[in-house]
Amino acid sequence: MSFPNGEHPDFVLAPGVCGIGSDRDNQIVLSVSGVAAHHARLEIDGRGLTLSVLDPRAHTHLNARPVREKGIVRLGDVLSVETVQIVIKPERDEVIRTSVPHDDAAVADAETRVRAVPPKVVLRGVSGAQFGRIVPVRGRLTIGRGSECDLALDEPEMSRKHALIENNGDGIYLRDLGSSNGTFVNGVQVRDAVLHPGDQIAFDRNRFLLEAPGLPLRGELVEERTPGYAPAITQTMQAVNLPEPGPPKPRPVPVEEYASSRNEIWWLIAAAALIGGAIALLLLFGF
C-alpha cells in the first residue's frame with residue numbers, strides 16, 4: 001500500500017485482515033478529517049484481496065467509483081478513504097520487467113507476425129470514460145490523445161502519441177512513444193514493460209485490465225515457447241515408462257494348498273463309493 005501524498009508510510013500487506021480508520025487499534029491509522037474510527041478493512045486470503053466498507057456513512061472509492069459494502073481489489077487500483085489516496089502496488093517495483101525486445105516491426109514479415117499473434121488479447125476498461133469497453137490488441141495498438149491513434153484517450157496527462165501495446169506472438173509489450181509522464185502498470189510508473197494477463201494499465205484516469213486467455217499470468221514459470229508449441233503448465237513429475245502388459249502368469253500353488261486339495265479329492269471319492277454301494281444293496285435285496 002503506497003501513500004503518494006505522504007499521509008502514512010508505505011505498508012506491506014500480509015495474509016489476513018488490515019484495518020483502516022482513525023482509531024488506534026487499526027493497522028493503518030489515518031488522522032484525517034472524515035475518516036471513521038473503523039472505516040474499512042482489506043483482507044488477503046486464497047481468493048485474493050477484498051475491500052470491506054465498515055462504516056456505510058464513510059466515503060470510500062475504488063478507482064473513483066463509490067464502494068458501499070465490498071469490492072475486489074487488484075494491483076494498480078487506487079483506494080480513496082475520504083481524501084486519502086492509497087495505491088495498491090507490488091512490494092518491489094522491479095517485479096515489472098522494463099526490458100523489452102528491440103522493436104523490429106519495420107523489417108519483420110507482416111504475414112508471419114499476424115500468424116504468430118496469440119488470439120483474444122484485449123484491454124477491458126475498468127474505470128474512467130472507457131469503463132466497460134473492450135479493446136482488442138491485434139498486433140500493435142497505438143494509444144494517445146491524437147485522433148490518429150487506435151485508442152484515443154482525451155486526457156490532459158496523455159501525450160498525442162503516448163504508447164503502444166505490441167502483441168507479436170512471443171509476448172505482450174508496452175512501448176513508450178516519447179510520452180511526458182509514462183504509464184502505470186500495476187501501480188508502478190514505467191516507460192516500457194513486459195505485460196501479462198491480469199495486469200492493470202493506467203493512462204491518467206482510464207484504467208484497463210489486460211486479458212489474454214491461455215497465456216501465463218505474472219509470476220508463472222513456463223518453458224521457452226516456439227510458435228505452435230503449448231507448454232505443460234502443470235507438469236509435476238517426469239513420465240514413467242511402464243512395460244507393455246502381457247498374459248497373466250500362473251500363480252504357483254503352495255504345498256499346503258496342494259496337499260489340502262488332494263485330501264479333499266480322496267474324501268469325495270470315498271463318499272461316492274459308499275453311496276454307490278448302498279444303492280447296489282437296495283437294488284439287490286429289494287429293500
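Me: Where in the chain is Ser2 placed?

Reply: Ser2 sits in the segment before strand 1 (16–21). One thing to keep in mind as we go: this is a predicted model.

Me: What makes Ser2 count as buried?

Reply: Its relative accessibility is 14%, and buried means under 20%. The value falls under the cut-off, so Ser2 counts as buried.

Me: Which residues does Ser2 touch, leaving out those up to four places away in sequence?

Reply: Ser2 touches Asp10, Gln85, Ile86, Val87 and Lys89.

Me: Why is Glu155 called buried?

Reply: Glu155 is in the loop between strand 13 (151–152) and strand 14. Its relative accessibility is 5%, and the limit for buried is under 20%, so Glu155 counts as buried. Beyond its neighbours within four places in sequence, Glu155 is in contact with Arg145, Asp204, Arg205 and Asn206.

Me: Asp204 is in that list. What is said of Asp204 in the turn between strand 19 and strand 20?

Reply: Asp204 has a positive phi of about 60° there. Strand 19 and strand 20 form a hairpin with 2 residues between them.

Me: What makes strand 10 (residues 122–127) a partner of strand 20?

Reply: The threshold of at least two bridges applies again, and these strands have 5 bridges in the antiparallel sense, so they count as paired. Gly125 stands opposite Phe208 in strand 20.

Me: Why is strand 20 described as largely enclosed by the rest of the structure?

Reply: Because 5 of the 6 residues of strand 20 are buried.

Me: Which residues have the most contacts inside the largest nonpolar core?

Reply: They are Leu123, Ile143, Ile165, Ile172, Leu174, Leu195 and Phe203, in a core of 25 residues. Strand 19 and strand 20 are among the strands that each supply at least two residues of this core. A second, separate core has 20 residues, including Leu30, Leu51, Leu79 and Val81.

Me: What does Leu123 touch, not counting residues up to four places away in sequence?

Reply: Its contacts include Ile134, Val135, Leu141, Ile165, Ile201 and Phe208.

Me: What makes Val78 and Asp204 stand out in the second largest pocket?

Reply: They are among the lining residues that lie nearest its centre, together with Phe184, Ala202 and Arg207. This pocket has a volume of about 610 Å³ and is lined by 27 residues.

Me: Which strand gives the most to that lining?

Reply: Strand 19 does, with 3 residues. Strand 8 (78–81), strand 9 (84–87), strand 16 (183–185) and strand 19 (200–203) each supply at least two.

Me: How do the residues of that lining divide by class?

Reply: There are 8 nonpolar, 14 polar and 5 charged residues. Gly is counted as polar.

Me: And what is the picture for the protein as a whole?

Reply: The secondary structure comes to 2 helices and 20 strands. Of the 287 residues, 36% count as buried. Among contacts with a separation of 6 or more, 39% are between residues 24 or more positions apart.

Definitions and conventions. Residues numbered from 1 in each chain as written. Predicted model: local features only at pLDDT ≥ 70, side-chain atom pairs only at ≥ 80, totals over all residues. Heavy atoms only, no water. 1 Å grid on protein atoms, 1.4 Å probe; cavity = no way out; pocket = protein on both sides within 12 Å on 5 of 7 lines; lining within 4 Å. Points joined across faces, edges and corners; volume = space filled by probe spheres on them. Helix = DSSP H or I, 4+ residues; strand = E, 2+ residues; numbered from the N terminus. Core = buried A, V, L, I, M, F, W, Y, C linked by side-chain atoms within 4.5 Å. Buried < 20%, exposed > 50% of the residue type's maximum accessible area, 1.4 Å probe, protein only. Contact = heavy atoms within 4.5 Å.
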